[in-house]
Number of protein chains: 4
Amino acid sequence: MYSFRNDYSEGAHPRILELLMKSNLEQNVGYGEDEHSNKAKEYIKKSIKKEDADIHFIPGGTQTNLLVISSFLRPHQCVITADTGHINVHETGAIEATGHKVVAMACSDGKLTPDIIQKALDIHTDEHMVQPKLVYISNSTETGTIYSKKELSQIHDICRKNDLILFMDGARLASALTCRTNDLNISDIPDLVDAFYIGGTKNGALLGEALVICREELKKDFRFLMKQRGAMMAKGFVAGIQFEALFQDNLYFELGSHANSMAERIAEGIKEGGYSFFTEPCTNQLFPILPNDLLEELSKNFVFSLPEKVDEDHSVIRIVTSWATTRESVDRLCESLIKQ
Amino acid sequence: MYSFRNDYSEGAHPRILELLMKSNLEQNVGYGEDEHSNKAKEYIKKSIKKEDADIHFIPGGTQTNLLVISSFLRPHQCVITADTGHINVHETGAIEATGHKVVAMACSDGKLTPDIIQKALDIHTDEHMVQPKLVYISNSTETGTIYSKKELSQIHDICRKNDLILFMDGARLASALTCRTNDLNISDIPDLVDAFYIGGTKNGALLGEALVICREELKKDFRFLMKQRGAMMAKGFVAGIQFEALFQDNLYFELGSHANSMAERIAEGIKEGGYSFFTEPCTNQLFPILPNDLLEELSKNFVFSLPEKVDEDHSVIRIVTSWATTRESVDRLCESLIKQ
Amino acid sequence: MYSFRNDYSEGAHPRILELLMKSNLEQNVGYGEDEHSNKAKEYIKKSIKKEDADIHFIPGGTQTNLLVISSFLRPHQCVITADTGHINVHETGAIEATGHKVVAMACSDGKLTPDIIQKALDIHTDEHMVQPKLVYISNSTETGTIYSKKELSQIHDICRKNDLILFMDGARLASALTCRTNDLNISDIPDLVDAFYIGGTKNGALLGEALVICREELKKDFRFLMKQRGAMMAKGFVAGIQFEALFQDNLYFELGSHANSMAERIAEGIKEGGYSFFTEPCTNQLFPILPNDLLEELSKNFVFSLPEKVDEDHSVIRIVTSWATTRESVDRLCESLIKQ
Amino acid sequence: MYSFRNDYSEGAHPRILELLMKSNLEQNVGYGEDEHSNKAKEYIKKSIKKEDADIHFIPGGTQTNLLVISSFLRPHQCVITADTGHINVHETGAIEATGHKVVAMACSDGKLTPDIIQKALDIHTDEHMVQPKLVYISNSTETGTIYSKKELSQIHDICRKNDLILFMDGARLASALTCRTNDLNISDIPDLVDAFYIGGTKNGALLGEALVICREELKKDFRFLMKQRGAMMAKGFVAGIQFEALFQDNLYFELGSHANSMAERIAEGIKEGGYSFFTEPCTNQLFPILPNDLLEELSKNFVFSLPEKVDEDHSVIRIVTSWATTRESVDRLCESLIKQ
């Protein structure tokens with residue numbers, strides 16, 4: 001039985017574990033002020049080409065989202081998101097629990113556009129309504145799509161024009177930045193968004209997301225907020241060491257690349273088998289539409305998630321690859337797809 | 001330079017790391033519903049002799065506290081704590097951020113008593129005041145003291161009588177339960193409190209606290225709350241595996257024992273050196289009162305925390321030992337204390 | 001210039017003012033525990049035929065909504081509403097500010113149905129999503145429509161079946177219960193909903209809403225919540241006296257009736273003028289579609305709200321009548337509508 | 001039976017009622033944007049000599065406090081108050097319910113001093129603790145004392161120096177500003193605090209507090225916050241008209257004066273009777289220490305609040321006078337005090 005359910009089924013990439021082992025008995029200061037965290041921050045700053053960025057390591061993605069949004073907004077302000085956005089659908093109201101409305105806009109492919117953002121602005125006209133102040137996007141999105149550099153620039157422009165904060169959820173940033181159709185460089189991002197995070201959990205770490213705050217006035221007192229929301233790890237170096245391993249060389253991008261190439265192979269298999277996709281394959285999440293009897297057959301050897309009925313005989317499923325996905329399992333899956 | 005600053009300076013105990021390594025490439029389901037987490041829960045249930053307890057693994061202590069308290073209380077209800085309680089002093093208002101007042105009562109040794117709890121009840125008389133509903137205690141406390149079985153039973157009684165929920169913060173439970181003067185067994189606890197947590201971060205884990213909910217009506221929907229507060233790790237097995245290692249045999253208690261015996265040695269050294277204590281030594285936190293010039297001398301080789309002025313010539317410091325504290329460093333510290 | 005903008009343009013009905021004057025120098029106990037409030041509660045209980053209801057007088061509607069919802073829900077639970085619901089659109093995120101997601105469902109006429117509620121339940125499947133727990137409806141709705149007894153019973157049934165709390169916003173209950181097509185008696189309501197409020201502000205009072213809690217387990221400690229949200233007036237008798245005046249005889253319903261009959265006249269005028277409606281006229285809010293040049297003409301003598309473009313030449317406006325609307329102004333408006 | 005329990009036992013001063021009556025059938029725009037509210041604001045601005053102040057009318061005091069504090073603070077920031085402060089003791093955790101810790105400092109007479117504020121600053125040293133950002137004072141205080149101009153200036157200075165916002169709760173400002181020992185003019189206040197409110201409820205209005213925001217950067221979007229917390233009255237003119245009546249001439253101060261002179265008379269009676277005070281009489285709240293048997297006798301004709309045991313034979317009670325307190329009742333009380 002092999003699982004393609006998600007990209008957080010295995011532990012950590014061996015090079016990460018190695019560094020954790022190696023430094024295990026060192027004495028480090030607590031709360032993320034240790035040397036490993038500092039090094040990791042330096043590596044990341046170099047990678048994103050933004051020396052004055054503030055970087056914080058946070059255990060998980062939902063926590064990062066709720067922390068960032070509640071830190072940046074005043075009580076009457078809201079966040080605009082695609083209706084498929086993780087904060088709208090899969091975080092049990094984490095944002096609302098901090099007091100803020102999530103304004104979810106209908107989107108065709110998981111992506112916001114300047115037009116959609118403008119529409120959200122247009123329907124919020126006075127003090128009887130929440131005030132739009134932050135735009136939340138994910139890259140790659142929850143449906144596996146990515147933002148091109150041009151698309152992101154256009155969103156950046158409308159945000160600037162309307163004094164909106166732009167925040168990018170990068171839980172799957174590695175896959176976004178290393179997929180075939182991507183034209184965005186990680187060092188482009190700090191110029192285009194006000195804050196973003198570089199996901200570790202879904203790209204080879206045991207846990208941890210690296211939040212990058214780019215805009216000066218958003219940096220103030222952030223560690224207070226982290227502590228208050230329970231996001232400041234006592235052993236902060238555990239996250240620091242992992243990001244050190246991911247960014248001291250090219251590992252972060254290698255892992256994203258691997259996940260993507262595994263997904264590409266599967267996508268080819270699906271096409272070869274004659275099947276179509278719910279959304280065009282692009283990153284490490286695939287949404288093929290498969291006949292139910294094939295699905296039943298596949299389920300004997302493979303695990304997927306989210307089977308959703310398309311018509312009487314077909315369902316769309318989600319196949320996710322990761323840094324840990326093996327070629328053998330991919331080959332076996334392709335075989336099963338084609339021979340049917 | 002050796003640090004006695006806290007009990008979260010090093011990584012994980014080697015036997016924990018080993019199990020993490022061994023299971024690293026296994027595929028596990030996410031969000032804490034994996035086999036390792038299940039096993040760990042079974043081990044813990046056996047240890048606490050409470051088969052029907054609900055157990056959840058949560059990344060950190062502040063997060064556990066805010067999650068538990070906000071889950072158990074209605075909006076108008078408050079938590080009673082010792083004024084030294086971690087939730088009152090060192091969590092950046094995490095409890096208040098979830099909407100609840102922390103009623104901090106003056107205590108001599110970090111411990112609540114039935115009398116102090118009664119006093120808190122007596123001053124909250126009507127609907128113009130918050131309603132006391134939960135009692136928060138730490139064991140061991142923030143000043144290194146512990147609750148005897150009798151003391152805990154008495155607190156349990158007043159809580160039952162007044163329909164108060166009793167919650168024990170066990171960030172340093174290992175040290176509390178294995179110290180020389182302790183008469184409380186871990187299996188006594190579920191009968192005496194409604195919920196408690198077994199601290200991993202400060203007793204040999206990379207991160208993780210095991211929350212145990214004992215009272216039936218407090219269990220409902222807890223995983224919703226975890227997710228909402230960002231406390232449900234995608235790779236929940238990372239915490240599960242660590243608690244598996246801690247509770248599959250006696251490791252959890254061995255580590256507490258080691259920390260305590262290291263602290264005892266140091267305490268003897270302090271006494272031999274002719275110095276006194278701010279609070280009687282008991283667990284892995286020591287609060288000796290030392291002459292400032294000795295302190296200056298020691299600071300060349302050792303790191304402590306919280307130096308606080310007692311009089312012109314003396315300060316109280318905090319010395320903390322842990323599962324990782326070495327005998328050599330303890331011996332060197334004792335030597336430095338005595339030769340002065 | 002005469003305003004049909006809303007139903008809260010004038011002060012209080014003279015009989016209310018009279019009672020306020022008459023009792024002005026009496027000494028009353030504070031916080032709503034006075035004799036006038038008690039009498040008002042008795043009158044209301046008699047009217048709704050529910051002796052064991054808990055009744056609380058609250059200054060305003062948004063406050064009542066946020067208070068009720070945050071009192072009844074646990075942190076992970078959400079409220080289901082029509083997308084046009086006041087809590088979704090016009091309360092500046094008041095519900096979210098107390099921590100709860102508002103799940104807004106598309107509705108054709110401002111009204112929820114069992115099917116729509118079921119759909120909301122169906123899309124909330126696990127702990128990664130908020131948990132639906134309360135259904136919010138308004139009667140009359142924000143688009144002027146009402147619930148029939150049968151419709152309300154069906155909603156009641158699906159709520160019971162799914163353990164959902166049913167809460168009715170009755171800011172305009174008077175108009176709903178006295179309109180021509182209504183078949184719901186005020187004494188039917190306590191059997192069909194768990195809590196509702198009887199709007200005073202929009203039916204002749206200076207301010208004040210009478211919240212009625214019908215279900216036993218929702219009553220507990222409600223006055224604590226009122227105080228905490230700033231909804232417990234020091235001079236509670238100011239609201240109590242007004243509801244005494246409204247319910248000691250038939251005044252409450254007379255005022256609703258008057259508003260409706262004024263609206264009916266205007267609706268007839270609109271029809272006579274040959275114009276149509278965006279939603280069928282029913283209660284004291286009318287949404288006619290008028291030619292822009294007529295609108296311009298009317299604007300010289302009348303004030304309306306919400307002009308919204310329908311096509312190049314037509315707009316929909318909102319005309320609201322109230323207890324204070326005069327026949328002369330209605331006649332003048334009709335004249336202007338017909339002569340065009 | 002005559003009540004000296006509080007200053008909110010009666011309705012409104014006749015001149016206020018008169019203006020309400022007179023304007024009752026006028027049509028006003030909603031939400032406080034009407035002409036009466038505007039006039040009232042102009043009168044107040046003239047009185048406080050601060051043309052650029054932002055003024056908002058809010059139904060009640062607790063609501064004003066929670067609204068102001070939650071609007072001005074970021075999530076990790078706290079408010080410093082005297083331990084007797086209304087927000088600490090008598091608002092059912094209203095401030096905490098908006099997410100902020102109330103740091104209550106021990107004070108001898110209900111008043112903060114620069115030293116006490118400094119102490120609060122000194123104990124909040126890093127990001128593991130809440131960050132002091134707002135100082136809350138009441139004038140007159142909950143124990144009937146007042147701030148001199150010099151005292152207030154000193155508090156203003158330490159706030160400026162430490163970038164703290166200074167907010168004055170003026171629920172009983174009228175009594176404070178018109179008492180014999182006061183040297184503070186209402187027009188001094190805008191230079192000394194960043195925001196304050198002028199209490200109406202306890203000085204002759206049916207309800208309503210006039211919040212004055214003096215500092216520019218605190219004004220932004222305040223009406224959004226008001227709406228969100230349910231503090232924006234649909235019939236805002238009901239509060240506006242009352243403050244118009246209070247400030248179009250000297251009524252506001254006359255009413256405070258009356259309450260004080262009534263209290264003075266009673267204080268003289270108490271002294272003549274040979275009794276002492278718990279806190280020195282000053283404003284409209286008196287805290288005499290009386291023998292229990294006298295108290296029992298008085299209770300046959302008068303109502304007081306808060307009897308609290310001083311020793312076996314004596315209790316301290318609270319006597320409150322108001323704009324409505326009659327000379328006859330005061331004379332009768334004095335008689336009863338002296339003849340004993």
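A salt bridge is a side-chain nitrogen of Lys or Arg within 4 Å of a carboxyl oxygen of Asp or Glu. Keep that in mind for the views below, which come from a predicted model where local features need pLDDT of at least 70, side-chain atom pairs count only at pLDDT 80 or more, and totals for chains, interfaces and linings use all residues. Residues are numbered from 1 along each chain as its sequence is written, chains are lettered from A and ligands numbered from 1 in the order in which they are written, and side-chain values use heavy atoms, with hydrogens and water left out.

**View 1. A salt bridge joins A:Glu96 and C:Lys101.** The closest N and O atoms of this pair are 2.7 Å apart. Between chain C and chain A the count is 2 salt bridges. There are also 10 residue pairs in polar contact here, both residues at pLDDT 80 or more. A polar contact is a pair of N or O atoms within 3.5 Å; within protein, one must be able to donate a hydrogen and the other to accept it, and residues adjacent in sequence count only if both atoms are side-chain atoms. Helix 4 (86-89) and helix 5 (94-97) of chain C each bring at least two residues to the side that touches chain A. (Helices are DSSP runs of H or I with at least four residues, strands are runs of E with at least two, and both are numbered from the N terminus.)

**View 2. Chain C meets chain A through 17 residues from each chain.** Contact here means heavy atoms within 4.5 Å. About 1300 Å² is buried between these chains, with carbon and sulfur atoms giving 51%. Buried area is the accessible area (1.4 Å probe) that two parts lose on being put together, summed over both. Which residues of chain C lose the most area to chain A? They are C:Thr92, C:Glu96 and C:Lys101, together 41% of what that side buries.

View 3. The same surface serves both copies, as 100% of the contact residues of chain C recur in chain A.

**View 4. Chain B and chain A touch through 45 residues from each.** The area buried between them is about 3900 Å², and carbon and sulfur atoms give 57% of that. B:Tyr8, B:Gln27 and B:Lys235 supply 18% of the area that chain B buries against chain A, more than any other three residues. How many salt bridges are counted between chain B and chain A? The count is 0, while 24 residue pairs are in polar contact, both at pLDDT 80 or more.

**View 5. Domain 1 (14-249) and domain 2 (252-339) divide chain A.** These bounds come from an automatic or database domain assignment. The domain centres, taken over C-alpha atoms, are separated by 28 Å. The contact takes 27 residues from domain 1 and 16 residues from domain 2. Between the two domains of chain A, 2 salt bridges are counted. The side chains of A:Glu254 and A:Arg15 meet in a salt bridge of 3.4 Å, N to O. Helix 8 (173-177) is among the elements of domain 1 that supply at least two residues to the side touching domain 2, and helix 8 gives the most, with 5 residues.
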